[in-house]
Amino acid sequence: MCGRYVSTRRPQDLVDLFDVTRWDPDQALDPSWNVAPTNDVWSVLERVEHDTGEITRQLRPLRWGLVPSWAKSLNVGAKMINARVETVAEKPAYRRAFAKRRCLLPADGFYEWQAIAATGTTKAHKQPYFISPEDGQAMALAGLFEFWRDPAVPDDDPRAWWTTCTIITTEATDAAGRVHPRMPLAIAPDDWSAWLAPAHHDAGELRALLAAPAAGHLDARAVSTAVNNVRNNGPHLLDEIAGDQSDD
């Protein structure tokens with residue numbers, strides 16, 4: 001799975017990188033070195049404007065953890081941060097979003113945890129690793145988004161509607177595979193338009209666009225267990241440690 005990632009690029013940089021045509025500068029997110037489920041995250045998506053029919057490419061914050069339109073509670077999203085590529089086109093929670101509401105989630109890299117067996121001097125623990133493109137370029141993680149109406153909130157309240165997202169994952173390979181069996185999927189720059197296009201519904205063609213981040217050219221380095229606590233944030237979380245670090 002992908003349960004934490006890093007997203008530190010400025011909104012204006014993302015607007016330029018992804019050729020965004022619509023962005024509200026008043027919507028701001030702080031850079032984060034420890035993006036966690038239920039956080040607001042930057043997304044790139046395309047929507048058809050109701051009044052003009054024009055398709056705009058937007059940069060907007062979404063809540064990480066997809067809440068299907070039929071869900072009874074927003075809390076469902078905390079358990080739906082990832083969608084498995086093997087079942088995303090068929091599973092009821094994701095199939096409508098996969099067909100109609102796809103997005104890109106910009107990331108610098110992501111964290112995975114490797115299970116370390118107990119030894120004579122240390123107890124069993126999970127060692128976090130930061131996994132990122134070898135060339136330092138941004139990743140465009142493959143995501144889905146959905147709209148959810150909170151039935152407990154009046155129609156005229158801006159909190160009545162929530163837009164949430166999930167990250168598509170697959171079996172891990174290369175550097176990520178040595179750490180954890182699952183990893184997020186990404187979309188190559190040449191395929192961004194095809195992935196985001198609202199009118200693109202062919203499941204087979206869409207699956208073919210999904211790829212390993214940075215074409216599998218990833219670097220994995222052990223980092224401090226400080227990342228385990230969602231309250232910890234800052235560039236120091238990416239500092240490489242000398243070796244596996246237990247919780248002692």
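## Cavity, pocket and strand pairing

The largest cavity has a volume of about 30 Å³. A cavity is a set of points on a 1 Å grid over the protein atoms alone where a 1.4 Å probe fits but cannot get out. Grid points are joined across faces, edges and corners, and a volume is the space filled by probe spheres set on the points. This is a predicted model, in which local features need pLDDT of at least 70 and side-chain atom pairs count only at pLDDT 80 or more, while totals for chains, interfaces and linings use all residues. Residues are numbered from 1 along each chain as its sequence is written, and side-chain values use heavy atoms, with hydrogens and water left out.

A search of the whole structure finds 1 cavity of 30 Å³ or more. Its lining consists of Ser7, Thr8, Arg9, Leu14, Pro106, Ala107, Asp108 and Ala138. By class, that lining has 4 nonpolar, 2 polar and 2 charged residues. Here Ala, Val, Leu, Ile, Met, Phe, Trp, Tyr, Cys and Pro count as nonpolar, Asp, Glu, Lys and Arg as charged, and the others, Gly among them, as polar.

**The largest pocket**

The largest pocket holds about 530 Å³ of space. A pocket is an open set of points with protein on both sides within 12 Å along at least five of seven lines, and lining residues have an atom within 4 Å of a point. The largest pocket is lined by 23 residues, and Gln27, Gln58, Arg60, Pro61 and Thr163 are the closest to its centre. Strands E2 (22-23), E4 (40-48), E5 (55-64) and E11 (161-171) each give two or more residues to this lining. E5 provides the largest share, 6 residues. The lining divides into 11 nonpolar, 4 polar and 8 charged residues. Strands (E, at least two residues) and helices (H or I, at least four) are DSSP runs, numbered from the N terminus.

Of the 10 residues of E5, 7 are buried. Buried means under 20% relative accessible area, exposed over 50%, and partly exposed in between (1.4 Å probe, protein chains only). Two strands pair if DSSP finds at least two bridges between them.

| Strand pair | Sense | Bridges |
|---|---|---|
| E2 and E5 | parallel | 2 bridges |
| E4 and E5 | antiparallel | 9 bridges |
| E5 and E11 | parallel | 2 bridges |
| E4 and E7 | antiparallel | 2 bridges |
| E7 and E10 | antiparallel | 6 bridges |

Tryptophan 23 has leucine 59 in E5 as its bridge partner. Serine 43 stands opposite arginine 60 in E5. Tryptophan 64 is partnered by cysteine 165 in E11. The hairpin of E4 and E5 has 6 residues between the strands, and there glycine 53 takes a positive phi near 80°.

**Strand E7**

Leucine 104 is the bridge partner of valine 44. Cysteine 103 stands opposite glycine 143 in E10. The charged end of arginine 102 sits over the ring of tryptophan 195, 5.6 Å from its centre. For this contact, NZ of Lys or CZ of Arg must be within 6 Å of the ring centre and within 35 degrees of the ring normal.

**Aromatic pairs**

The whole structure contains 6 aromatic pairs. Rings of Phe, Tyr and Trp (its six-membered ring) pair if their centres lie within 6.5 Å; planes under 30 degrees apart count as stacked, over 60 as edge-to-face and the rest as tilted. Phenylalanine 18 and tryptophan 192 form a tilted pair, because their planes are at 35°, with ring centres 4.4 Å apart. This pair links distant parts of the chain, 174 residues apart: phenylalanine 18 is in the loop between helix H1 (11-17) and E2, and tryptophan 192 is in helix H4 (residues 192-196). Both residues are buried.

Phenylalanine 145 and phenylalanine 147 have planes at 85° and centres 5.8 Å apart, so this pair is edge-to-face. Phenylalanine 145 is buried, with a relative accessible area of 1%. Phenylalanine 147 is partly exposed, at 21%. Tyr111, Trp113 and Phe130 form one aromatic cluster.

**After strand E15**

Alanine 242 is found in the segment after strand E15 (218-222). Alanine 242 is exposed, with a relative accessible area of 94%. Its C-alpha atom is separated by 42 Å from that of aspartate 26, 216 residues apart along the chain.
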